[in-house]
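Welcome! Here is a short briefing to read alongside the sequence and the 3D view.

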Amino acid sequence: MMDEPKTATDFLGLWDLHRLIDDFASGRTGELVGHVAFAIDGHYVRYGEKGRLVIPGQRDLHAERTNYWRDASEGNIEVLFQDRRPFHIIQLTAGCPSATHNCGADRYDVEYDFSAWPDWSAIWQVKGPRKDYRTTSTYRRRTEAA
């Protein structure tokens, strides 16, 4: 096991991504398989996610997401939406970093796990008037170019 990440630049590179999506309202489980590229973009580290989303009973979709990470106060990474509005803070010094983001009536709770670094995970619990799901994303650093 290597030391856990300390700054946003510790994530630079290409990562394999596997995400399970447990939709409690429909009783279905979806899956996203893809990759994430972390790269320097000005004063930020850009998180660029691409993958194939498979949900039973629906056609497969290409999924993409971009957000930006930057070092905040010591041991914290600020995560921003693609338009650079604040999203949440990752407290790398916390034993089990967690955060909450409220969006209207919806609540997004996340727990990160860096204990097996460089492998890591993020579990999101989402609740709202029309939302009730959990996503479990696991990330594994690629050791060769893809």
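## A first look at the pocket

By class, 19 nonpolar, 11 polar and six charged residues make up the lining of the largest pocket. Please keep in mind that this is a predicted model. The points below start with that pocket, then turn to one serine and finally to the cysteines.

**The largest pocket**
- The volume of the largest pocket is about 760 Å³.
- Its lining counts 36 residues.
- If you want to find the centre of the largest pocket, look for Arg19, Arg65, Trp124, Tyr133 and Thr135, the lining residues that lie nearest to it.
- Strand β4, which covers residues 61-71, gives the most to this lining, with six residues.

- You will find Ser137 in strand β10, which spans residues 131-141.
- Is Ser137 buried or exposed? Ser137 is buried, because its relative accessible area is 2%, and the cut-off for buried is under 20%.
- The side chains of Ser137 and Arg19 are joined by a polar contact of 2.5 Å.
- Leaving aside residues up to four places away in sequence, Ser137 touches Leu17, His18, Arg19, Trp120, Ser121 and Ala122.

**Cysteines**
- How many disulfides does the structure hold? The count is zero.
- Cys96 is partly exposed, with a relative accessible area of 45%.
- Cys103 is partly exposed too, at a relative accessible area of 41%.

Definitions and conventions:
Residues are numbered from 1 along each chain as its sequence is written. This is a predicted model: local features need pLDDT of at least 70, side-chain atom pairs count only at pLDDT 80 or more; totals for chains, interfaces and linings use all residues. Side-chain values use heavy atoms; hydrogens and water are left out. A disulfide is a pair of cysteine sulfur atoms within 2.5 Å. Buried means under 20% relative accessible area, exposed over 50%, partly exposed in between (1.4 Å probe, protein chains only). On a 1 Å grid over the protein atoms alone, a cavity is a set of points where a 1.4 Å probe fits but cannot get out, and a pocket is an open set with protein on both sides within 12 Å along at least five of seven lines; lining residues have an atom within 4 Å of a point. Grid points are joined across faces, edges and corners, and a volume is the space filled by probe spheres set on the points. Helices (H or I, at least four residues) and strands (E, at least two) are DSSP runs, numbered from the N terminus. Ala, Val, Leu, Ile, Met, Phe, Trp, Tyr, Cys and Pro count as nonpolar, Asp, Glu, Lys and Arg as charged, and the others, Gly among them, as polar. A polar contact is a pair of N or O atoms within 3.5 Å; within protein, one must be able to donate a hydrogen and the other to accept it, and residues adjacent in sequence count only if both atoms are side-chain atoms. Contact means heavy atoms within 4.5 Å.
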